[in-house]
Structure formats: structure tokens, C-alpha cells
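Please open the structure in your viewer and keep the sequence panel beside it. The stops below are given in the order in which to select them.

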Amino acid sequence: MGESMSISEALGRVRAAIEGAEEEAGRPAGSVTLIAVSKTFPEADVRTAIAAGQLVFGENRVQEAAAKFPAVKADFPALELHLIGPLQSNKTHEAVALFDVIHTVDREKIAAALAREMQAQGRFPKLLVQVNTGEEPQKAGVAPRETVDFVKRCREVHGLSIAGLMCIPPVGDPPAPHFALLDELARRAGVAFRSMGMSSDYETAIGQGATHVRVGSAIFGYRDYSAA
């Protein structure tokens, strides 16, 4: 799906599906932000998507985004870049400099490092806390029962403004209960953003209150990880 027409058509299909899901859920049109996940895809594909009107992108790795996006952001100042992959504390300087939204705050060390960097740089990306809704030992994220307290500590101990929550349901699990849990935790934590739903389940996520959906393969095609 690397050619211009294909990405443009795919974006049109995804946007139409989002509008349909918003309508079906009784939500206002435009209440869901589409994040086009461009990880492993080249800058040329990002520019093709921009030409089709897409200005919100998601990347998993700080280093890849740092190589791909500065020139694009210089050309398109309205572009919004989201970090949706794990953040290591030694990458917080670059992350704060480059990203507009960081979805993966998940431990005290990262919260403290982000607070220091944001003050030092005078740049304040929006922050989301990643929740491990399936409590999978191999996956990043705060346990559901600890989420509300962690958001409170981010605010009170580290002085961070937390905009929302993010989750990635376990592979093979029905996603709807995980999305419902994230929505409930967001209510209890008093945050507005719910980043949930990917190519296979974003319409379900919208029905459960998603404000941001992270769609990659349905826009850009399937990734060749061997080349990544």
C-alpha cells in the first residue's frame, strides 16, 4: 500500500468507518481523533498521508521518529506527533523535544524524568498513563487497581498534568471489556482522553468511549518487520 492513491483511499475508508462508529455510538461527529501509526514506514508514506489531509501520527520508537519527523514537522507545523511505544528514561530528553503527546507514562521514574525535562525545555507535551488492563507480566503499563492513585501521584508528586489513559488489550482477548475498563478508570481518575483501539478493533473502541484510535495497517498496509 505504498502508492499515493492506496494510502489516500485507505484513509478515506478508515475515516468513514470512524464516522459510522461515532454515529452508531450516539457520539458527535469529529469526537474521535485518528492517529495514523507510521512506525516502520518511510517519510514518503507520511507525506502521502499528509497530502490526503492526515496531520496526526503515531510512532513507537523515539529514535525512528527522530530520524523521520523533524523535517516533516518543519514543513507542516500543524502536524501532531504521538509517542505510543515504551519510553525509556534515557530517551525522555528527545521525547519531550519531538513529541506533542506521550501515551506511555507507566512508572514513577518516567514521570519524574518527564517532569524534569519539560521544565528544562519549557515544552509540555500532553501525557497519558498506559494501563495494563490484562495485567500481562510481559507488558508495560500500570495495573488497573493502581491507576487512579498513580495519576494522582503524577499530579501531586511530580506536578504533571495527565490528559488521559491508554491501553493495548491482550492478543486473543475480546477487546470490549478492556476498553470499558479503561473508560471507567478514566472517569474515576478525572481524565478526558481514552487512547484505545487499533486497526482490528477501533470501531469497538469508539463504542466504548475512545477519544483517540491508533490505526496503522488499515492505512499503510502490513509492515515488513524484517526491514524495520
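Contact, as used on this tour, means heavy atoms within 4.5 Å, while helices (H or I, at least four residues) and strands (E, at least two) are DSSP runs numbered from the N terminus. This is a predicted model, in which local features need pLDDT of at least 70 and side-chain atom pairs count only at pLDDT 80 or more, whereas totals for chains, interfaces and linings use all residues. Residues are numbered from 1 along each chain as its sequence is written, and side-chain values use heavy atoms, with hydrogens and water left out.

Begin with helix α7, residues 144-156, which has 13 residues and reaches 19 Å from its first C-alpha to its last, close to the 18 Å expected at 1.5 Å a residue (the expected span is 1.5 Å times one less than the number of residues). Within the helix, select Pro 144, Thr 147, Phe 150, Val 151 and Cys 154, which are its buried residues; buried means under 20% relative accessible area, exposed over 50%, and partly exposed in between, with a 1.4 Å probe and protein chains only. An α-helix has 3.6 residues a turn, so residues three or four places apart point the same way.

With a disulfide taken as a pair of cysteine sulfur atoms within 2.5 Å, the count comes to zero.

Next, turn to the charged side chains, where a salt bridge is a side-chain nitrogen of Lys or Arg within 4 Å of a carboxyl oxygen of Asp or Glu; by this rule the count comes to twelve. One of them joins Glu 135 to Arg 145, with the closest N and O atoms 2.8 Å apart, and it links the loop between β5 and α7 to helix α7 itself, ten residues apart. Here Glu 135 is partly exposed at 44% relative accessibility, while Arg 145 is exposed at 60%.

Select Arg 194 and Asp 183 after that, whose side chains meet in a salt bridge at 2.7 Å, N to O. Arg 194 lies in strand β7 (residues 193-195) and Asp 183 in helix α8 (residues 176-189), so the pair ties together parts that are eleven residues apart in sequence. Arg 194 is buried at 9%, and Asp 183 counts as buried at 11%.

Finish with the aromatic rings, which pair if the centres of Phe, Tyr or Trp rings (for Trp, the six-membered ring) lie within 6.5 Å, planes under 30 degrees apart counting as stacked, over 60 as edge-to-face and the rest as tilted. The structure holds two such pairs. Phe 41 and Phe 220 are stacked, at 5.2 Å centre to centre and 25° between the planes; Phe 41 lies in the loop between β1 (33-37) and α2 (43-51) and Phe 220 in helix α10 (residues 217-220), so the pair ties together parts 179 residues apart in sequence. Phe 41 and Phe 220 are both buried. The rings of Phe 57 and Phe 69 have centres 6.0 Å apart and planes at 50°, so this pair is tilted, and both Phe 57 and Phe 69 are buried.
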